[in-house]
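Below is a briefing on one protein structure, arranged by topic.

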Amino acid sequence: MTGLVLFATGNRHKLAELDAVLRGCGYRAEAAGVPKLELQADSLEEIAVAAAATAYAAAGRPIAVEDAGLFVDALNGFPGPYTSYVYKTLGVRGLLRLLEGAGDRAAEFRSVIAYAGPWGVKVFTGRVRGTIAAEPRGSGGFGYDPVFIPEGETRTFAEMTLEEKNRYSHRAAAARELCRWLREAREAP
Ligand code: IMP
């Protein structure tokens, strides 16, 4: 039997990454077809929980929301929960400009999955540390993938296949936590 987890997202890359992990535990990720509330707040968790609770109330069936951000050490964690806005306004080049002359290029991606249903809202998190490349490289993925090099690699996320990115990524780590919970819930008497 295959279970389904509906995600409120219009991002097909996110959905494909989530689906690849969930398939590993007998589930699938599909687009919920409901709008995702784009709340702006200082914490990814707050954003994801509010969006999932709102989507669940509107759809009347369990809905998950994944919210992610890039936290750059030299910028004291900026853009973090504002990553989507910064990507839209400044793009990849804008981030590289902010880091011009910075000796420290360490950063991390964080992901929060909030899953709302009759059980309330469950939260699953993942993170990956890495560095920001000097120049964009690769054509895969989305967002800041061309400039993020996960620890232990020389390639950016955009130079990897989806499966390779999922070995490291914040989103895959959060999705594996969700898998663990789904399995436990299914096996509970
Ligand atoms: P959101 O979760 O859709 O709000 O994502 C915030 C922003 O973070 C996106 O617009 C991307 O620019 C960036 N982002 C989040 N996850 C990833 C990723 O896996 N790779 C590259 N960029 C990402």
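**Disulfide, cores and a helix**

The link of Cys25 and Cys179 is left-handed, with -75° about the S-S bond. This is a predicted model, in which local features need pLDDT of at least 70 and side-chain atom pairs count only at pLDDT 80 or more, while totals for chains, interfaces and linings use all residues. Residues are numbered from 1 along each chain as its sequence is written, and side-chain values use heavy atoms, with hydrogens and water left out.

**Disulfide**

- A disulfide is a pair of cysteine sulfur atoms within 2.5 Å, and by this rule the count comes to one.
- Cys25 and Cys179 form the disulfide, with an S to S distance of 2.1 Å.
- The pair links distant parts of the chain, 154 residues apart: Cys25 sits in the loop between H1 and E2, and Cys179 in helix H5.
- Helices (H or I, at least four residues) and strands (E, at least two) are DSSP runs, numbered from the N terminus.
- Cys25 counts as buried because its relative accessibility is 5%; buried means under 20% relative accessible area, exposed over 50%, and partly exposed in between (1.4 Å probe, protein chains only).
- Cys179 is also buried, with a relative accessible area of 5%.

**Nonpolar cores**

- A nonpolar core is a set of buried Ala, Val, Leu, Ile, Met, Phe, Trp, Tyr and Cys residues joined through side-chain atoms within 4.5 Å.
- The largest core has 20 residues, of which Val5, Phe7, Leu22, Ile113, Tyr115, Leu178 and Leu182 touch the most other members.
- Two or more residues of this core come from each of strand E1 (3–7), helix H1 (12–23), strand E2 (27–31), E5 and helix H5 (170–187).
- H5 gives the largest share of this core, seven residues.
- Apart from it lies another core, of 16 residues, including Leu99, Val128, Ile132 and Phe157.
- Leaving aside neighbours within four places in sequence, Phe7 has contacts that include Leu15, Leu18, Leu22, Ile113 and Leu178; contact means heavy atoms within 4.5 Å.

**Helix H2**

- Helix H2 (residues 44–59) has 16 residues and should span 22 Å at 1.5 Å a residue, which agrees with the 22 Å between its end C-alpha atoms; the expected span is 1.5 Å times one less than the number of residues.
- Its buried residues are Leu44, Ile47, Ala48, Ala51, Ala52 and Ala55.
- Seen down the axis of H2, these buried residues fall within an arc of 120°, so they line one face of the helix; the arc is that of the directions from the helix axis to the C-beta atoms.
- The buried residues of H2 pack against strand E3 (63–72) and strand E5 (106–117).
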